[in-house]
Amino acid sequence: MTYQVVPFSAEHIPQALNIERKSQPAPWSQNIFQSCLNKRYFNFALLNSEQNLIGFLISDHIAGEISLMNICIAPEYRRKGLAQILFQQLVDTATEIHAEMIWLEVRESNKPAQNLYFQLGFNEIAIRQNYYPAKGGMEDAIVMSLSLD
Ligand SMILES: CC(C)(COP(=O)(O)OP(=O)(O)OC[C@H]1O[C@@H](n2cnc3c(N)ncnc32)[C@H](O)[C@@H]1OP(=O)(O)O)[C@@H](O)C(=O)NCCC(=O)NCCS
């Protein structure tokens, strides 16, 4: 499969919204994506050979620590190692700026993402109770971190 990783920019937002709606219980809005387009963020877009968006990664960085805000692969492109490729871009960038840690939160029910993060070397740090809106109530978040030392 031919693909390309490029910086995520405003032109990718319409396709990202479409992937989000197919993927997330509480999809991000256009305004949220828009608010992530500043230089505090490291954002990557994954394009197929037709230059269509098939995945993206959004992360924020402050004081040597990176927060993974969102990583999403279009449903028809999953289980092909593409999330790992996007994540490696983040690790390469983090290494360039000598960042020490990557943090994230993941829904307690999201086992595919937890498996991905464990495979990438993240450790479970804490539980934030009732953190995410969910069908019929709220859902816990698992806080995970990866040390880049
Ligand atoms: C989580 C997600 C990003 C994984 O993307 P992906 O490109 O399919 O992941 P990869 O192919 O790189 O998989 C890497 C590893 O993650 C784990 N994994 C991924 N999908 C899985 C699934 N459905 N079930 C179990 N483990 C899974 C596996 O350990 C996998 O390694 P393997 O294929 O060698 O077994 C994708 O399922 C997705 O976009 N989900 C919806 C959005 C989301 O939940 N994002 C994360 C929270 S913000």
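This note sets out, point by point, the fold, dimensions and ligand surroundings of a predicted model.

1. Basis. Local features are taken where pLDDT is at least 70 and side-chain atom pairs only at pLDDT 80 or more, whereas totals for chains, interfaces and linings use all residues of this predicted model. Residue numbers start from 1 along each chain as its sequence is written.

2. Secondary structure. The protein has 4 helices and 7 strands, where helices (H or I, at least four residues) and strands (E, at least two) are DSSP runs numbered from the N terminus. Along the sequence these elements follow the pattern β-α-α-β-β-β-α-β-α-β-β.

3. Dimensions. The radius of gyration, taken over C-alpha atoms, is 15 Å, and this agrees with the value near 15 Å for a compact globule of 149 residues, the globule rule being 2.2 Å times the number of residues to the power 0.38. The C-alpha trace spans about 40 × 40 × 30 Å along its principal axes.

4. Burial. Of the 149 residues, 27% count as buried, that is, with 20 or more other C-beta atoms, placed from the backbone, within 10 Å of their own.

5. Ligand shell. Around the ligand there are 20 residues, of which Arg-78, Ala-83, Pro-112, Asn-115 and Leu-116 come nearest; a residue belongs here if its C-beta atom, placed from the backbone, lies within 6 Å. Strand S4 (65-73), helix H3 (82-96) and helix H4 (111-120) are the elements that give two or more residues to this shell, and H4 gives the most, with 5 residues.

Definitions and conventions:
Buried ≥ 20, exposed ≤ 12 C-beta atoms within 10 Å, placed from the backbone.
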